[in-house]
Amino acid sequence: MSGAILYLNRWPLYEDERRWENRLAAPEIIFRPETDRVTYVCDEGGLSSVPAGAERVHVVEDFGDLDGVLRLVDAVVAEEGPFDHVIGFSEFLLDLAAILRERYGIPGAGPAQIARFRDKTVMKETLSRAGLRVPRWAACRSEEQVLAVAGEFGYPVIVKPVRGAASQGVHKIASAGALRAWCAGRDLDGFEIEEFVQGEILHVDGVLDAAGKPLFLCTSRYVATCLDFEVAGEPLGSVFQTDPAVREACEDFAVRCLSALGLRSSAFHLELFDTGQELVFLEVGARVPGADVSYVIHDVHGVNLFRLWADVLLGHPVQLPVFDAELSGGWLIVPGPRPLPQKVTGATPLLGEVPYVYRELVPGAGEVLLSRPGSYATVQGGRFLFRGGTQEQIEAAVRQARAQYRLTTEPAA
């Protein structure tokens with residue numbers, strides 16, 4: 001099947017062979033030259049992942065400049081179109097891909113469908129109407145309205161961008177005074193306020209077919225939280241859950257949420273709270289999970305979520321993954337020092353020192369850590385992947401790695 005594909009990409013492939021991020025999404029792995037005619041639209045970062053010899057390559061200065069991107073793509077479509085598919089794996093390209101599908105009459109999710117997975121108020125409203133438990137929430141409109149909502153919910157409360165990702169711009173606010181200070185002078189349009197839900201956070205990741213049926217599901221429990229990583233600089237990780245009761249409960253809840261949201265032919269990353277009494281929806285992305293989740297899934301279960309997603313989208317034959325749900329694995333990322341740039345004076349490799357660590361990225365002495373835009377996997381003080389043990393053994397190894405790893409730096413000249 002397949003056909004002409006417009007591929008949007010902002011992810012680089014690093015020349016440093018120690019780094020593995022984005023490699024599972026490399027076009028040589030995702031696309032099939034015998035059926036897929038690919039046109040690349042990239043920014044300067046994404047250009048590094050375009051295969052050598054690719055014939056149809058176009059560079060945008062900034063994907064955030066919608067008018068500029070549309071002018072370029074209009075010209076591309078006029079010269080190379082029509083296109084049968086638009087693909088963009090990044091969370092921050094989902095809206096653009098939807099706009100292009102609608103603009104050029106290309107099959108697939110349009111803006112209204114994508115809003116259910118990009119706009120946190122829309123996703124919670126949709127699930128609430130379906131009778132699924134979500135945090136109480138409200139769109140932020142004015143300072144007094146936000147303070148009134150917080151008084152109803154009780155402190156602490158969570159405020160976050162409606163279309164954010166990677167916990168950027170998320171705040172846990174403990175008092176009316178702190179909330180008033182957060183509101184002061186801020187344009188509240190594009191923010192929401194939520195009740196604070198006390199509980200452990202898990203995530204369910206997988207791929208759905210064209211009918212919304214799961215082709216693969218994996219449940220993990222976070223070590224620390226994304227918010228603690230972003231705000232407090234705590235190491236972040238998660239561990240595959242192998243307890244059948246935990247997996248069944250979480251995956252059943254996730255599939256009911258995805259069904260209510262109408263997700264089809266897509267990868268997904270869904271986060272939820274386990275309060276001890278109930279499961280509560282947190283948020284969902286219509287994409288492959290970030291950080292190192294997809295790499296450990298690949299290395300433990302042999303499933304490339306990017307390839308599986310692309311096969312479903314493009315109508316390629318799909319071989320159902322055969323995997324052992326009793327196998328566990330995990331990952332840990334240690335945030336980099338602040339502020340950057342920093343020069344590394346010492347680090348403690350854990351490969352061979354901590355059980356079940358099978359791959360690591362540890363900066364060497366003299367290396368300068370620079371600020372790079374991107375997700376959890378781009379600016380880190382250390383990254384570690386785990387496999388080969390039981391869930392309990394992996395959890396213990398992750399805790400040991402957190403306690404044992406040391407990174408020392410000094411301001412770069």
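This is a predicted model: local features need pLDDT of at least 70, side-chain atom pairs count only at pLDDT 80 or more; totals for chains, interfaces and linings use all residues.
Rolling a probe the size of a water molecule over the atoms shows where empty space is left. A cavity is a place where the probe fits but cannot get out, and the model holds 2 cavities of 30 Å³ or more.

By residue type, the lining of the second largest cavity has 7 nonpolar, 2 polar and 1 charged.

The largest cavity has a volume of about 50 Å³. Around the largest cavity stand Tyr-7, Asn-9, Trp-11, Pro-12, Leu-13, Asn-22, Ala-25, Ala-26, Pro-27 and Ser-49. Its lining consists of 7 nonpolar and 3 polar residues, with no charged ones.

A pocket, in contrast to a cavity, is open. The second largest pocket contains about 560 Å³ of space. It is lined by 28 residues, and the closest to its centre are Gly-108, Ala-109, Arg-264, Ser-265 and Leu-313. Which elements give two or more residues to the lining of this pocket? They are strand 4 (85–88), helix 4 (94–104), helix 5 (111–118) and helix 12 (305–314). The lining of the second largest pocket divides into 16 nonpolar, 8 polar and 4 charged residues.

Notes:
Residues are numbered from 1 along each chain as its sequence is written. Side-chain values use heavy atoms; hydrogens and water are left out. On a 1 Å grid over the protein atoms alone, a cavity is a set of points where a 1.4 Å probe fits but cannot get out, and a pocket is an open set with protein on both sides within 12 Å along at least five of seven lines; lining residues have an atom within 4 Å of a point. Grid points are joined across faces, edges and corners, and a volume is the space filled by probe spheres set on the points. Ala, Val, Leu, Ile, Met, Phe, Trp, Tyr, Cys and Pro count as nonpolar, Asp, Glu, Lys and Arg as charged, and the others, Gly among them, as polar. Helices (H or I, at least four residues) and strands (E, at least two) are DSSP runs, numbered from the N terminus.
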